[in-house]
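Please read them with the model open beside you.

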Amino acid sequence: MLLALLCLLASAAGGAAASPPPNARPCAPSHPASAYPFCDASLSVPARARALVSLLTLDEKIAQLSNTAGGVPRLGIPPYQWWSESLHGLADNGPGVNFSSGPVRAATAFPQVILSTAAFNRSLWRAVAEAVATEALGMHNAGQAGLTYWAPNINIFRDPRWGRGQETSGEDPAVAAAYSLEYVKGFQGEEGEEGRIRLSACCKHYTAYDMEKWEGFTRYTFNAKVNAQDLEDTYQPPFKTCIQEARASCLMCAYNQVNGVPMCAHKDLLQKTRDEWGFQGYITSDCDAVAIIHENQTYTKSDEDSVAIVLKAGMDLNCGSFLVRHTKSAIEKGKIQEQDIDRALFNLFSVQLRLGIFDKPKNDQLGPNNVCTKEHRELAAEAVRQGAVLLKNDNNFLPLKRNEVKHVAIIGPSADDAYAMGGDYTGVPCNPITFHQGIQPYVAQTTFAAGCKDVSCNSTYLFGEAIEAAKVADTVIVVAGLNLTEEREDLDRVSLLLPGNQMGLIHTIASVTKKPLVLVLLGGGPVDVSFAKRDPRIASILWLGYPGEVGGQVLPEILFGEYNPGGKLAMTWYPESFTAIPMTDMNMRADPSRGYPGRTYRFYIGDVVYGFGYGLSYSKYSYSILSAPKKISVSHTSVPNIISRKPAYTRKDGLYFVKTEDIASCEALMFSVRIAVSNHGEMDGSHAVLLFSRLESSVPGFPIKQLVGFERVRTTAGSATNVEITVDPCKHMSAANSEGKRILLLGAHVLTVGDEEFELLIET
């Protein structure tokens, strides 16, 4: 069932422009329509939006409910395409971005999100979003892209088999929330008067969406059974931050149901975003997510009932043509009133007015020359450098010395394939460089051998060529892992092992090399490489995710020591045995009584191949906590009456806690931790410093540990650098109870960074 593809084809056939050209904007001074009230710049955005809605006929209103929105010629309103994609660079997955005609034929392909996340660098994340926004505006002004984009993907990478985990910022809700904040702020730009923005970003997919296909279950009909505890402290935090702090102007409701209710019809959860989080934007469905409510989920009795339930729940826009085809019938049958449509159009037009779509463009100085720039390419390379994770480096095998390496054999089907480096939602890259191409300037001789016909590696008939290449080279690099034939939208993995005969290829090559080999891993999802971790013939393992168009440039920079890797894994790498756990089990907490080990580093109690936050460097680092409070007294602080005049609660097991909603000022509880980071190596290095918190004694249902702060820090060889991390106890040291209420446990907490520990007492 290729609903998204059908939606794309239908949208493309509709012919709506990605954006109106400047001379077609109805509120431009020279346009005849500029006299209408919705063009009166002295009015507020809400007043202008209401004025525009009031001018439309019913048919004209209905035509606005699709991502391929119809024009209103009598008012000078041109057609508009809402669906453009910008996950890690502009992509033509949606019809709003067009590389096939016009002056712009490519855009910078930044590394996939899971790799950029491993840098744990907020300023880098924002810089990438700003660069993508610049290219979006450049293409928009060339008539090849819109102003509304459906990114970022801020779902939690809950299960390692998920094909779209690569698009996310990993398994930790605090990291996903932080990434969403930087992406949206960087992409939309700082809000101007009346919330004006340069582009619109969209938090997706709301909520608890993290499965494509597994054993007969599909994303289109899956009912995610999520308890209140997990919803509050795992699935929802990224969306709350994306809306409340980042002020995203779009929210996408997912295909799946949550506790028996389709997300696009889930009034409680959709209205929560407006009533509690202050959302001011539009809610779009995922593509054809409304059609499936009746046709596939059989949740409603008719198409008209589906129209009614989503509009009354608060959805505004349908990706697809379902609402256009069935809304009038829903009105005629009394399922909805015209005011239900008016509410949706008010939200849609408000965002368009905030973008200035009807007015004279404010960013028209940007154009094709702002796409595929040297600066953006260097930023993409920096994102790969900082995100690369060194997983193994026996006896400091890396970095290689150029004067000692004369002949490199680079083996694996992805080693000379630029397509393999893009990942999901990649557009047309500017100038991609393969690993094989990138290595060549560094050594006198290189030999490429595929070893396998493709990444699936279902036969061994190309092993012989790879063996011969490995025998004659003095250094061997094997590129293994995943690509989009193994993991992508609509395709989850079954196994965590390397595909097909890849493991056999690695073993075979390792047995004939003159010295231990280097293993480079591609892919967004974790792989069980326990065999490589143990094998002394494999000296080093480097994970590069999906590095985008500059992967071939950056790999030799790292291998030959021009850059000192310092990324950290943003997800747990589980062993193959984890695949015995159903993907459909949404519970985060471990339950030993049924043999359930839990999920993510916060709750998982099983074995790991590599843990969340793991990553080596060419330098050795140590940490020392220089200053942090030894005690936080909730009732005795510089801010009077910090806690509402309610007593601390007591659990049945004798543990004391405070509900965060009862704390009058969580901001006043925030504190700083100063950490000295010592570089004991011979190379300068930039790496991620991760600060965790755990309870002194484990408490059932509470995280084993959780990330409370992180910073990227640059250090000089042989010296120490100080870094300061701000901790928000209400947000990052709390957890949800079984009723879904955030609570802060009183008593001893332990802050940890590396091997350093610091005890902190929270009391009332």
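1. Three strands make up an open sheet of mixed pairing, in the order S6-S8-S9. Strands here are DSSP runs of E with at least two residues, and helices are runs of H or I with at least four; both are numbered from the N terminus. Two strands count as paired if DSSP finds at least two bridges between them. Strand S6 (223–224) and strand S9 (261–262) are the edge strands; each has a single partner strand, so one side of each has no neighbour in the sheet.

2. S6 runs parallel to strand S8 (residues 257–258), and two bridges join them. Asn223 stands opposite Gln257 in S8. Strands of a sheet pair through backbone hydrogen bonds, either parallel or antiparallel.

3. A word on the basis. This is a predicted model: local features need pLDDT of at least 70, side-chain atom pairs count only at pLDDT 80 or more, and totals for chains, interfaces and linings use all residues. Residues are numbered from 1 along each chain as its sequence is written, and side-chain values use heavy atoms, with hydrogens and water left out.

4. How many salt bridges are there by this rule, a side-chain nitrogen of Lys or Arg within 4 Å of a carboxyl oxygen of Asp or Glu? The count is 42. One of them pairs Glu85 with Lys204, with the closest N and O atoms 3.3 Å apart. This pair links distant parts of the chain, 119 residues apart. Glu85 sits in the loop between strand S2 (80–81) and helix H4 (113–117), while Lys204 belongs to strand S3 (residues 202–206).

5. Look at the backbone around Lys204 too. The peptide bond from Lys204 to His205 is cis, with omega near 0°. His205 also lies in strand S3. Glu194, in the loop between helix H6 (173–188) and S3, has phi near 55°, a positive value in a residue other than glycine.

6. Leu398 and Pro399 are joined by a cis peptide bond, with omega about 5°. Pro399 is in the loop between strand S11 (389–393) and strand S12 (407–411).

7. The protein chain is divided into domain 1 (386–580) and domain 2 (619–762). The bounds come from an automatic or database domain assignment. The domain centres, taken over C-alpha atoms, are 37 Å apart. Nine residues of domain 1 and ten of domain 2 take part in the contact (heavy atoms within 4.5 Å).

8. What area is buried between domain 1 and domain 2? About 710 Å², with carbon and sulfur atoms giving 48%. Buried area is the accessible area (1.4 Å probe) that two parts lose on being put together, summed over both. Between domain 1 and domain 2 the salt-bridge count is zero.
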